[in-house]
Amino acid sequence: MSLFHFFLITAFLCSSVANAQVTAKKLLPRNINVPYLNQLAPSISGDGNHLVFLSDQVYSKRLNMMYAKRIGSERWSDPQVVTAIDNSFEINHLRGYSLSYDGNILFFTTLKSGGIGGYDIWLVRKNGNSWGQPENLGKPLNSAVHEGDPSLSADGKNLYFMRCEKMNMNEAENCTLYVSKKKNRTFWGEPVALPSNINTGNAVTPRILPDNESLYFSSNKPGGQGGYDLYLTRKQDESWTEPLALSFLNTTGDDRYVSLTAKGDIIFYSMKYKEKDKLVKAKIPDNFQPMKIYQMNGKVLQEQTHKPIEAYVQVFDIATQKLAVATKAPQNTGEFYLLLKGGKLYDLSVNPVDKSILFHSEIIDLQNLESSDFKRVDIKLQSINEANSFIASNISFETYTTNIQKSSMYELKRISLLLKNNPTFNIEIGTYLGEYKSDSVQTDPGLTEVEIDTLPNPAYLQFQQDSLLALTNDSRSFATSDTLNLNVGDSSLTEIADTAKVVIASLPQALDTLGIIPKPHPFIYKYTYHNDRTAGEAEAIYNYLIGIGVPENRLSYKGYGYIESLENTSTETMKSNWVEIKLYKN
């Protein structure tokens, strides 16, 4: 740490003693915070890799919008002027800009020609390493009065901004905060004013946080520390909570322009230091942070060539079955950005524009997300001609049954579409068991299946032998009995038959006297309870696909059960049951 940084942090900490909470602050690097220049009003992308801010020039002292990209954990590229925006003092509300969470859209506030009236909100879109031409957001979002200080929600669906009676390059008066819902790429809906507990005094500079439910804004309403103070309010159904002052940050001056990464635990803003404005970042206390979120920075690539692939990326909220996020990875980069709220279960799919390439899918489980998370991924897709099979990881079954879970419908529809778009291919549905369990009794609720083996009963065989022996001995005894004293030679056939009846009738009593058990069953049954439901699972998937219109002759299925050769696989999806789709030419 430089001496300059040390004294700055020390000074900030000392000045914060009077606040309810004290938080350490840290300067951004010196190539951003050029010591002899002013740096103001930072706006940072959700992944924390793209930064825009204002800086004055050495000679003219003119404020220019600058752009820098992160190149290390604490390193940034040297800032460059954003030339796509006219930085004239005369036409811009100088701090009225913001960067979208994905870093691809830069909103700004200007009087430039082609507007609706007064100051309007415009945007430029990032295209590779450059910015496109300015676009006016049009009516009804922009009006005959002044609109400025825009902030786009992380899902891209809502734009928060201020509408003011008076505005110049530095100030705005009689302002009210609004929100407008996006209709399509070009048009926005009729703006709706936020409730009166927010719009008290001169409410300005809304900043919607990454959870889409928490909002920072500034106001000079009575009761603050002085000038404009920052407040937090959270959306609850159709209303917003009573604003809470950001006590860890507010000062006796004007506190307005702040920015957060999607993780929501670090805030970026500018403060005076030795008569110059400098960019700093600070830790946000837990009670002022947004709800926990999950970010994904992804790149879609062709597996063999590693070249970018153009693809549509969709995320569905499984509980509500609603589309949570829809974005596109462009052909030139294959890059996409996702931001999802915690507490939910999501179905993610990457669907290439080229239908001869396989899709990618996965389940993202954020139901127990304890802290905001960030992930970088390269998603490598195979051409169908080069792939023999793939794991349908988003197909699952209700616990201990062969009933397909509702969450699986997205994956099954993708498989159906895959066959429709590739008519020369058929598929086999193969289901596998990750761990085989069995027992002679049903000791586990997962042992839902039973096999019954019919075996000869050894007791029955012994019974037959013992019975024959007992009958023979008893008959001999009976034949020599003094009581009956029968002689076959001088007896009639009728007498012999009557004698046999007596012997047979007395057999059970004789067996009991001899200690021989009653006659057992000729067979015994061996029961094996187990958890291999793969045959039923494969059939259930087969029937579902036929039910949604897939021709029967393009499908086959097999339950493979547990395969020992796959026992030590490390694939996450293979730790329990899984489904494999095998492709072959028809």
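Mentor: Helices (H or I, at least four residues) and strands (E, at least two) are DSSP runs, numbered from the N terminus. This is a predicted model, in which local features need pLDDT of at least 70, side-chain atom pairs count only at pLDDT 80 or more, and totals for chains, interfaces and linings use all residues. Residues are numbered from 1 along each chain as its sequence is written, and side-chain values use heavy atoms, without hydrogens and water.

Trainee: Which element gives the largest share of the nonpolar patch?

Mentor: The patch on the surface consists of Val-450, Ile-452, Phe-523, Tyr-525 and Tyr-527. Such patches are made of residues with over 30% relative accessible area and no salt bridge, with nonpolar side chains (Val, Leu, Ile, Met, Phe, Trp, Tyr) joined within 5 Å and like charges within 9 Å. A salt bridge is a side-chain nitrogen of Lys or Arg within 4 Å of a carboxyl oxygen of Asp or Glu. The largest share, three residues, comes from β34.

Trainee: Is Tyr-527 buried, partly exposed or exposed?

Mentor: Tyr-527 belongs to strand β34. Buried means under 20% relative accessible area and exposed over 50%, with partly exposed in between (1.4 Å probe, protein chains only). At a relative accessible area of 38%, Tyr-527 is therefore partly exposed.

Trainee: What is the order of the strands in the open sheet?

Mentor: Two strands pair if DSSP finds at least two bridges between them. Two bridges join β32 to β34 (residues 523–530), and Asp-439 stands opposite Tyr-529 in β34. The edge strands, each pairing on one side only, are β32 (438–439) and β33 (449–456). With antiparallel pairing, the order is β32-β34-β33.

Notes: Areas by Shrake-Rupley, 256 points an atom, 1.4 Å probe, with all protein chains shown as cover.
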